[in-house]
Amino acid sequence: MAKKIVLFIIVVLLFLSACVSNSLQDTAIVINDAFGQEVSFSKAPTHIVVAGKQTPMLANFVYLFNESSEKISAIENRSQSSNQFLSLIDPSFPEKLTLEKGAGAEQISAFEPDTVILKTTMKEQIGNQLNDVGLKPVYVSFETIDEIYRDVRILGKILEDRDKSEVIINFYENNKNTIDLMLKDSQIASRVLLLQISESENNYVYSVPSASWLQTLMVEELGGEPVWKNDASAGGWMEVNIEQIIDWQPDIIMVINYQGQSPEMIRKLTEDAVWNQFISSSEIELKPFPYDFQSWDQPDPRWILGYASIAHFLHPDVITVDILSGLVIDFYHELYGLDLNMINDEIISLLQSQIE
Amino acid sequence: MKKTSVLPVVLLLFILIVFASLIGRYQGFVTYKELSRNSLLQQLIVMVRLPRIVLSLVVGAGLAVSGIVMQTVFQNSLADPGILGISQAAGFGASLGFLLFPTTRIPIQLFAFISGMISLVVVLRLARRIENQNRLSLIFAGIAISAFFSAGLGIVKYLADPLDQLPSIVFWLLGSLSTSDWSAVVQIAPLSIVCMAILYLLRWRINAYSLSDSVLYSLGIDRNIEIYLILGISVLLTTTIISFSGLVGWVGLIVPNVARLAFGYDMRKSLPASILIGAIFVLFSDTLARVLIAGEIPLGIITAFLGALIFIVLILNNRSRA
């Protein structure tokens with residue numbers, strides 16, 4: 001009888017332990033994504049695909065975490081490639097599989113990923129399809145500073161490195177607070193124009209960012225007056241003409257170019273008769289928005305460098321070139337783990353004509 | 001025969017040119033006094049507004065001439081470069097040129113012209129092979145070719161860099177004169193004016209094509225050779241314009257019909273009238289495009305909006321007459 005009781009107890013205990021371990025496995029990781037919806041994983045994802053639009057910027061965020069080089073299975077190929085930069089961090093990056101631009105659920109499924117990281121704007125286009133085939137997309141946004149902090153924490157959970165996500169957020173918060181504090185007593189509110197210039201058939205096309213985008217928010221946070229804000233309520237880049245630019249009467253124009261040609265664009269503009277007269281009669285300044293591997297104005301880990309650059313352009317006597325250069329070195333060293341020689345050789349050298 | 005005078009149209013065009021020169025996003029409408037003491041404004045007018053006005057006139061006049069020539073030759077008041085698929089073909093060719101040679105305009109013009117000519121030849125051959133030939137066969141062939149090149153255009157857009165090339169291609173496809181300058185005038189205007197001048201000189205012959213084949217035969221006119229020459233010049237004119245301005249729709253369809261309504265069917269009057277009305281239509285539309293709001297409104301959107309309104313008025317007018 002005693003034997004039977006012992007056996008019964010053992011069986012019950014085994015059953016209970018199995019239940020407990022199962023329930024623990026079922027809820028091993030629960031992530032609240034950018035839509036606030038819960039995504040559960042029985043174990044931490046080890047095969048991750050980064051898909052949809054703006055994947056280079058997403059990949060840059062993901063690669064802030066050391067675990068990425070092992071866990072990322074594939075990245076969708078999009079413009080503004082971050083391959084050159086990510087190869088500095090992860091020498092095996094060029095061998096990573098790339099998804100064709102606009103890859104659908106079928107192509108992504110072939111990688112059998114545990115999860116797919118997508119921008120919130122991709123839900124209708126691809127996210128719902130992924131759900132239908134049983135894959136688990138996790139949405140991130142990275143469109144405002146608060147969203148960047150939230151989404152870095154989401155990535156920290158996915159990649160099982162919450163400590164690093166806090167390190168990243170602390171880096172952002174500390175540096176932003178330092179800049180804000182340094183500018184606390186600076187009262188001059190400049191009329192700022194962030195102007196994207198692209199070249200088309202030897203002509204220039206001028207565009208301004210949407211009022212709700214990170215670029216506009218950063219100018220406002222730093223006490224600048226974004227002169228285009230009231231006219232650019234639509235959702236994308238808005239093309240404007242030279243007359244409108246003059247009519248806004250900016251004190252400073254920060255020129256963005258996604259091919260890294262801002263200094264060259266400024267040089268050409270100053271040779272143009274109308275621009276030349278506009279610049280000399282209004283005494284406006286034209287500054288190239290810094291670009292190393294990507295332009296710093298975007299929802300990318302480098303946003304803090306963009307923030308510091310705007311602060312530098314608005315208050316060069318307070319946020320000096322040395323402070324900005326120091327921040328660049330800290331950013332790549334502390335967040336991406338690049339050694340100082342590499343930073344000087346590969347990055348600082350690219351920036352010399354832009355931030356001095 | 002109607003005896004509407006062309007003088008009020010010339011006067012209207014002149015007033016519109018002066019008005020467009022003096023109005024812009026910078027300082028709104030300016031007076032001569034303000035103009036004389038503001039050198040930046042003078043620069044803007046000379047270097048930015050005037051080339052754009054000149055190109056508006058060329059685009060409007062050219063597309064209207066091309067439209068009226070095609071409508072007369074095909075004896076179909078719905079035939080225009082857009083309906084016949086030539087605009088879409090030129091759009092495809094120009095986009096391809098834009099994708100392959102983004103920094104120079106000549107390949108873009110060349111690709112647009114070649115695609116436009118291919119489209120014209122295919123439409124004509126296809127229309128001939130459709131049984132029970134009538135005016136609709138040309139339209140059917142045009143719709144098919146238009147859809148074919150639209151699909152090609154879709155592929156080009158898919159392949160384009162979404163940050164660099166795609167916005168430019170999309171904006172270009174909607175039509176715009178925002179990149180106008182004097183160098184563009186030099187590249188676009190001379191060839192367009194030569195094409196228009198040839199078609200103007202041939203207006204007597206084009207007039208004859210509205211007659212039946214038997215009458216033409218009795219007049220000793222070789223329809224085939226001359227038609228291909230005239231259509232070739234029309235396509236060259238259209239593609240030269242489109243390669244710069246993008247797809248500015250409705251001009252070639254609406255303007256000739258308005259011109260004929262006001263000045264009659266005789267090409268000796270309706271062709272110069274189309275030149276004037278086309279120039280007015282595009283100049284007015286482009287002035288709205290650059291002045292109405294802070295952002296540039298694509299020109300094609302405004303011409304489509306105004307064109308559709310005029311089209312409805314024309315249809316209702318025809319119904320009430322009937």
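In which sense, right-handed or left-handed, does helix α7(A) pass helix α8(A)? The structure considered here is a predicted model, and in it α7(A) passes α8(A) in a right-handed crossing. Two packed helices are described by the angle between their axes and the distance between the axes. For this pair, α7 spans residues 145–158 of chain A and α8 spans residues 162–182 of chain A. They pack at an angle of about 160°, and their axes are 7 Å apart. Angles over 145 degrees count as roughly antiparallel, and α7(A) and α8(A) are therefore roughly antiparallel to each other. On the α7(A) side, the residues that meet α8(A) are A:Y149, A:V152, A:R153, A:L155, A:G156 and A:K157. Their counterparts in α8(A) are A:R162, A:K164, A:S165, A:I168, A:I169 and A:Y172. By class, this contact of α7(A) with α8(A) has six nonpolar, two polar and four charged residues.

Chain A can also be viewed through its domains. Domain 1 covers 25–160 and domain 2 covers 184–355. Between the C-alpha centres of these two domains of chain A lie 29 Å. Each side brings residues to the contact: 15 come from domain 1 of chain A and 15 from domain 2 of chain A. On the side of domain 1 that touches domain 2, the elements that give two or more residues are α2 (55–62) and α4 (83–89) of chain A. The residues of that side of domain 1 divide into nine nonpolar, five polar and one charged.

A strand pair is also found in chain A. Strand β1 (residues 29–32) of chain A pairs with strand β2 (residues 38–41) of chain A in the antiparallel sense, over four bridges. One of the residues involved is A:N32, whose bridge partner in β2(A) is A:E38. Together β1(A) and β2(A) form a hairpin, with five residues between the two strands. In the turn, A:G36 has a positive phi of about 85°.

In chain B, attention turns to helix α3 (residues 39–73), which packs against helix α8 (residues 182–201) of chain B. The angle is about 30° and the axes are 10 Å apart, which makes α3(B) roughly parallel to α8(B). The crossing of α3(B) past α8(B) is left-handed. Residues of α3(B) that meet α8(B) include B:P51, B:V54, B:L55 and B:V58, while those of α8(B) include B:W182, B:I188, B:M196 and B:L199. The residues of this contact divide into 14 nonpolar, two polar and no charged.

Among the residues that make the contact are B:R52, B:I53, B:S56 and B:L57 of α3(B), along with B:M267, B:F281, B:V282 and B:D286 of α13(B). By class, the contact of α3(B) with α13(B) has 16 nonpolar, six polar and two charged residues. Two residues of α3(B), B:A61 and B:V65, are listed in the contact with α8(B) and also in the contact with α13(B).

Note on methods: Residues numbered from 1 in each chain as written. Chains lettered and ligands numbered in written order. Predicted model: local features only at pLDDT ≥ 70, side-chain atom pairs only at ≥ 80, totals over all residues. Axes fitted to C-alpha atoms, helices over the stretch in contact; angles between N-to-C directions. Parallel < 35°, antiparallel > 145°, perpendicular 65-115°, else oblique. Left-handed = near helix turned anticlockwise from the far one by under 90°. Contact = placed C-beta atoms within 7 Å. Nonpolar A, V, L, I, M, F, W, Y, C, P; charged D, E, K, R; others polar. Domains from an automatic or database assignment. Pairing = 2+ DSSP bridges.
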